[in-house]
Amino acid sequence: MSQEFSFTTTAEEVAAAFAGEIKGKNVLITGTSLNGLGFEAARVIAHYANLVIITGYDEGRLKLSADVIKKANPTANIYPLSIDLASLASVRQAADEVNKLKEPLHVLIHNAAIAFVDFKLSEDGFESHYATNHVGPFLLTKLLVPKLLASASPDYTPRVVFVSSAAHALPGGHDVDFAAFTNPDPTHYSRSGGYRQTKSANVLMGFELSKRSKGKLNAFSLHPGLIYTKGFDKDYALVHFQNAGILDENGKPVTSHAWKTIPQGAATTVAAAFDPSLNDKAGSYLADCQAANDQIAPHCADPGNAEKLWNITEKLIGESFSF
C-alpha cells in the first residue's frame, strides 16, 4: 500500500487507506496545537481510532484543538492531556494520568518540538531544545512502555513514532555533541545546532528503541517535509531561514524549494504509525510515507552513537527502561 504514496499524499488519504489498521486503536500525539502537524495527524486519526489523546502545555489551545476536532467529528473520542515536555515533573504527572486510563496504548507519536530558540536551561538543567525535543519524550516513552506493551498481541506490535527532520543531516552537524546534552554551555551554543542535534537524537532513538525492545515495540523516525508553519514567523527563525535561502526578504517561501502543505506534511506521521508494510522495518527513517534509510546522515546511522545517547539519557532522567 505504501508504494502508492508520494510527496503530495495527504494525511487524510493515508488514514483512509489504513482505516482498518486504525480502527480500535488508542493513540497519544504530543504537540497538537491548531493548524500544526500534530493537530492534522490527530484530526484524521480520530475519524477511525477508539481514542486519541492530544497534548499540549497551554490548556486553552489544547481545548481549542479538541473542540475543533469534535465539531468536525462529533463521535471522535478525544482526551486532552496537559504536559510540558521541558519539565520532567510534568512528564511524570502526565504519564501517571495516562497510565490510570483503562485503555491500553497502541501508538505513541512524539510530534512536539521547539526550534531555533535562544539558549535557556529547563527547570531540570537541560538546554531547552534537548529538554523538549529529546529528554522529555524519552522519559515519557519509558513511563508509558507498560501501557504500550499492554496493547500487544500475536498480530500486533505497538509503535512509537519520532517526528525528526532532514535538518539532522544539515552541514555543521556531522556528529553527536554528547557534551551539549550533559553540560550545556551557552558559549558553544547555536540555535540551529540545538535543533539539529535533537533531531539527530530522534533518529537515533527510533533505531535504539526498536533494538532494545527486541521486537516488543516498533519505533520509527521521519522527515515530514519542508512546511511553512507559524514557527517561521518568529524573528529568530525568520532570520535563520532567510540566511539559508528558504524564505525571501519578505519572509515568504522561496518557490525553488519543494514545500509541502500541513496535510501533506502529516501524511508520513500517519504512515509511520499504521502502515503494516513497515512491520519488518522497525527502526527505519521515513520520508514521503516510505522507508528512506538512505537519507540518514552517517552520525545517525552509527549504532555506537545510538547506544551511547541512550545510556546518557537514562542517567540524565535517573531511570532505566524495562521491557
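Me: How much space lies in the second largest pocket?
Reply: About 250 Å³ lies there. Keep in mind that this is a predicted model.

Me: What makes the lining of this second largest pocket, by residue class?
Reply: Six residues are nonpolar, seven are polar and four are charged. The lining has 17 residues, and those closest to the pocket's centre are Tyr 130, Asp 177, Ala 180, His 188 and Tyr 189. Two elements, H7 and H8, each give two or more residues. The largest share, four residues, comes from H8.

Me: Tyr 130 also has an aromatic partner. Why is its pair with Phe 181 called edge-to-face?
Reply: Look at the angle. Planes over 60 degrees apart count as edge-to-face. The planes of Tyr 130 and Phe 181 stand at 85°, so the pair is edge-to-face. Their ring centres lie 4.1 Å apart, and the limit for a pair is 6.5 Å. Tyr 130 and Phe 181 are both buried.

Me: Why is this pair said to tie together parts of the chain?
Reply: Tyr 130 lies in helix H6, while Phe 181 lies in helix H7 (residues 178–182). These parts are 51 residues apart in sequence, so the pair ties them together.

Me: How many aromatic pairs does a search of the whole structure find?
Reply: Eight. Among them is Phe 138 with Phe 321.

Me: What makes the pair of Phe 138 and Phe 321 edge-to-face?
Reply: Again, check the angle against the 60 degree cut-off. Here there are 65° between the planes, with 5.0 Å centre to centre. The angle is over the cut-off, so the label edge-to-face applies. Phe 138 sits in helix H6, and Phe 321 in the segment after helix H12 (303–317). The parts they tie together are 183 residues apart in sequence. Ring pairs also link Phe 138, Trp 310, Phe 321 and Phe 323 into a cluster.

Me: How do you know whether Phe 138 is buried or exposed?
Reply: Compare its relative accessible area with the cut-off. Buried means under 20%. Phe 138 has 3%, so Phe 138 is buried. Phe 321 has 13%, so Phe 321 is buried as well.

Me: Which other strands are joined by parallel bridges?
Reply: Three bridges join E1 to strand E4 (residues 107–110), in parallel. There, Val 27 stands opposite Val 107. Five bridges join E2 to E3, also in parallel. Thr 55 has Leu 81 in E3 as its bridge partner.

Me: How do you know that both faces of strand E1 are covered?
Reply: Side chains in a regular strand alternate between the two faces of the sheet. In E1 (residues 26–29), Asn 26 and Leu 28 are on one side, and Val 27 and Ile 29 are on the other. All four are buried, and both faces are covered.

Me: What lines the largest cavity?
Reply: Its lining is His 110, Ala 112, Ala 113, Asn 133, Pro 137, Val 163, Lys 199 and Asn 202. Helix H6 (128–149) and helix H8 (191–213) each give two or more of the residues. By class, four are nonpolar, three polar and one charged. The volume is about 40 Å³. A search of the whole structure finds one cavity of 30 Å³ or more.

Terms used. Residues are numbered from 1 along each chain as its sequence is written. This is a predicted model: local features need pLDDT of at least 70, side-chain atom pairs count only at pLDDT 80 or more; totals for chains, interfaces and linings use all residues. Side-chain values use heavy atoms; hydrogens and water are left out. On a 1 Å grid over the protein atoms alone, a cavity is a set of points where a 1.4 Å probe fits but cannot get out, and a pocket is an open set with protein on both sides within 12 Å along at least five of seven lines; lining residues have an atom within 4 Å of a point. Grid points are joined across faces, edges and corners, and a volume is the space filled by probe spheres set on the points. Ala, Val, Leu, Ile, Met, Phe, Trp, Tyr, Cys and Pro count as nonpolar, Asp, Glu, Lys and Arg as charged, and the others, Gly among them, as polar. Buried means under 20% relative accessible area, exposed over 50%, partly exposed in between (1.4 Å probe, protein chains only). Two strands pair if DSSP finds at least two bridges between them. Rings of Phe, Tyr and Trp (its six-membered ring) pair if their centres lie within 6.5 Å; planes under 30 degrees apart count as stacked, over 60 as edge-to-face and the rest as tilted.
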